[in-house]
Structures are given as C-alpha cells and as structure tokens.
There are 2 protein chains.
Amino acid sequence: MRMAELSSASGVPVATIKYYLREGLLQPGERTSPNQARYGEAHVRRLKLVRALIDVGGLSIAAVQETLAAIDDHVSTHSALGFAQKGITVPDVVVDEETRAWALGRFEPIAKEHGWEPCDDDPAVETLISVMSAFRDLGHENLLDGLPRYAEAVRRIAEQDLASLAGMKSVEQIVESAAVGTVLGDTLLMALRRIAQQEVSERVYGKD
Amino acid sequence: MRMAELSSASGVPVATIKYYLREGLLQPGERTSPNQARYGEAHVRRLKLVRALIDVGGLSIAAVQETLAAIDDHVSTHSALGFAQKGITVPDVVVDEETRAWALGRFEPIAKEHGWEPCDDDPAVETLISVMSAFRDLGHENLLDGLPRYAEAVRRIAEQDLASLAGMKSVEQIVESAAVGTVLGDTLLMALRRIAQQEVSERVYGKD
C-alpha cells in the first residue's frame, strides 16, 4: 500500500508517519520510484505499537526508540527481557555518595532476600536510589517502611509477567509481548493501584 | 530570604523559580517593595517538592499543578487521598463502545472480588480500559490473563500505601505524604518490577 493508505489503515496522519520514518521508529517502505514507496502489514502493526507506547504508555520518542531497538535487536529471550533495563528513564538527579550508600544499605537486605542481584549501574537501581533519596529529602522517609512489602508484591507481579509469556512460541512474539507488557503494564498497574487505594482509603478514613 | 537566596537554598535557578511562580507552582513571596519579595522555608520545601515530582516522578507541569492543588485544597483525609484520581493522566485514546464493554466485562468480576467500586468516569478506570484495549489491538490479549494476580498484588501495595500514613498526625502531613508516595511510588514500583523481572527471567530462561 502507498503512504496515504498506510495512514488510513493505521489511523496515523501522513505527517506523523514521515516524522516516525525520519526518527527511525518505522522501517522504510520498499522503494517503487524515487518519490514513492510501498508499505505492508508489518508497517501497520509497527505504527500501532508506536502509537500505543506513546499514547497509552506515555513514552517519549527517545524511550520508544530504545524499546523498539530492544524488540528488534533481541539476541536471546533473557537478554530481550533485560530490555526492561533500557526501557526505564533514569531520573536526571544527582545523588551524593552518603545518600547513595544509605539507600543501598536499605535496599540490599531486601534484594538479598529475593535473590535479586542487579549490577551496580543498573538503571532500575539508579532510579530506585533517586526515589529513595527524594523521599528522604522531602521529609517522607516513613514511606520507605513499606519497602519489604512492596518488594514482596512486586515479586508476584514479575512472576506473573513472565508467566504470561510462557505459551508463546517464537522469540519475536515473546520479546514484543514482554516489551508491551512491561511498558503498558506500568500504566495498567498504576491505574489498578489508584482504584485499590480508593477502597482501602474509604475503609480506613471513611467516605466523605 | 530574597529570590537569589531562595535559588541557592533550593538549588533551582532563578529563571526556573520565576517560571514556577507564573505557573502557580510556587506561592508568591511576601512583597517588600514593588520589585522585591521575601521568601521563607515553605518556599524552599515547595520547590524541592516540585523538582522531585518533575525530575523523579516524571510529571508534566500540568500534572504537578493538579497534584499541588490536591495537596493544597484537601477537605478531608479520604478525599485528599482521592487526589490519586486526579494525579493520573488518562491516555488520549478513543476506545469504541464494544471494546469498552469487553474491557469492563473482564475487569468487573475482579473489582467485585476486591470490593472496588470506582465510579464510571474514574480516570483510573479510563486508563485501565485504554491499556486493555491496546493489549488487544496489538495482539497481546494474553497479557490480560494475569489481571487477577496483578489485582491481588496491587491490593497489597495499596494496603501498604495507606499503612505508611498511619503514624502521621496532621491532615497536611498525611496529604502530602500520600501525594508523594503515590506519584514517586509509581516510579519506585516500576524500578522494583524491572529488578524482580531480571531474576525471574534468569530463572526461567537462563543467563545469556
């Protein structure tokens, strides 16, 4: 199909498709003349994926690029799942050495209990340290008392994340599903958390 | 203190402070002359909070405004906790009636089991529907098989969220802690989920 048909099939405006092509979010079509290219179903699918990551997952263009690179460059199922390491945007915050040591000191016993052995420069660990540092800096260190229970709950979530992939056959399927499930899954879990908070809050503090 | 001192005390550049004042993210200082104002510790605290919400929580200026309004306008502890309802950015996606009914059909039995009774236009429910719709649209409906286990894990997270607030005395403290814990907590949980996924993935698929 031509660019105009790709636009109607995907619901994405032509100008946006051209932007995605320039940014490398969409693979180029097959050239049929110097000014025309032909696109196929794979392009429609990829456009839908890009839109979902941006509109539903709230990802930036840069984060979409990283997620797609992880989907396209998978070498093994495990390292593909390790895409998650890349699919996280580390907060741009400077944490001093003392705070860093304090945060790791609180996290390490919990990680050990669950057999988690992230490497030192793991973006997820960096992100965790930034949040813990912000809690302390803002005078809400009390929020960290729940860390062991959060870790316990999140372990169950991660077990389920992997279980959802179990029935899939091709590495391509597993990798795309893992990426979509992790990125959009963050949004889903965020929504569920708010719904659950309402009920607990009503139970504890009563209705208005 | 003067604007320049507020800048050094908070680590936020003067130009950024002026921008926050214009956007209403920071309360005005006490006017001491037509061109000067005096700021206090409350301003330093508020600036730190704004920076954390933006840099660590990844919030937009609009989302920060909503979060601060929820903190400032609290009428009761429960409705303040209900800020969470506002602190979520609903994906800008159109979901057709059939898909909407399908998504609610899958979610309602789970909500019922946990005693969750969100109202129909709850932004968290709208967000949930968008994600479920995206999963189906992208051919990853399998990811929804885990919904009951996700709900179960998230219920524990919400219980902990509320437990962290139990020791606090003033409504102001509870409300700010709930806002910070929910917004930055999303980032913390996202980071923990990736760390946990790595371990489960290694266990299931082996190391590279």
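Reply: Start with one term: two residues are in contact if their C-beta atoms, placed from the backbone, lie within 7 Å. This is a predicted model, in which local features need pLDDT of at least 70 and side-chain atom pairs count only at pLDDT 80 or more, while totals for chains, interfaces and linings use all residues. Residues are numbered from 1 along each chain as its sequence is written, and chains are lettered from A and ligands numbered from 1 in the order in which they are written.

Me: How many residues does the contact take from chain A and from chain B?

Reply: It takes 80 residues from chain A and 80 residues from chain B. Helices H3 (41-56), H5 (77-81), H6 (83-86), H8 (123-137), H9 (147-163) and H10 (171-205) of chain A each give two or more residues to the side that touches chain B. H10(A) gives the most, with 23 residues. A helix here is a DSSP run of H or I with at least four residues, a strand is a run of E with at least two, and both are numbered from the N terminus.

Me: What kinds of residue make up the side of chain A that touches chain B?

Reply: That side divides into 38 nonpolar, 25 polar and 17 charged residues. Ala, Val, Leu, Ile, Met, Phe, Trp, Tyr, Cys and Pro count as nonpolar, Asp, Glu, Lys and Arg as charged, and the others, Gly among them, as polar.

Me: What rotation superposes chain A on chain B?

Reply: A rotation of 180° does, with 0.0 Å of shift along its axis and an RMSD of 0.0 Å. The two copies are therefore related as by a two-fold rotation axis. In chain A, the C-alpha nearest the axis belongs to A:Ala153, 2.5 Å from it. The same surface serves both copies, as 100% of the contact residues of chain A recur in chain B. The superposition is by least squares on C-alpha atoms of residues with pLDDT of at least 70 in both copies.

Me: Why is B:Thr67 called buried?

Reply: A residue is buried if 20 or more other C-beta atoms lie within 10 Å of its own, exposed if 12 or fewer, and partly exposed in between, with C-beta atoms placed from the backbone. B:Thr67 has 25 other C-beta atoms within 10 Å, so B:Thr67 is buried. B:Thr67 lies in helix H4 (residues 61-72) of chain B. In chain A, buried residues make up 43% of the 208 residues.

Me: What makes a nonpolar core?

Reply: It is a set of buried Ala, Val, Leu, Ile, Met, Phe, Trp, Tyr and Cys residues joined through C-beta atoms within 7 Å. The largest such core has 104 residues. Those with the most contacts inside it include A:Leu128, A:Leu184 and B:Leu192. Leaving aside neighbours within four places in sequence, A:Leu184 is in contact with residues including A:Ala52, B:Val131 and B:Phe135.

Me: How do you know that S1(A) and S2(A) pair?

Reply: Two strands pair if DSSP finds at least two bridges between them. Three bridges join S1 (residues 30-33) to S2 (residues 36-38) of chain A, and these strands run antiparallel. A:Arg31 stands opposite A:Ala37 in S2(A). A hairpin joins S1(A) to S2(A) through two residues.

Me: How many helices and strands does chain A have?

Reply: Chain A has 10 helices and two strands. Along the sequence, the pattern is α-α-β-β-α-α-α-α-α-α-α-α.
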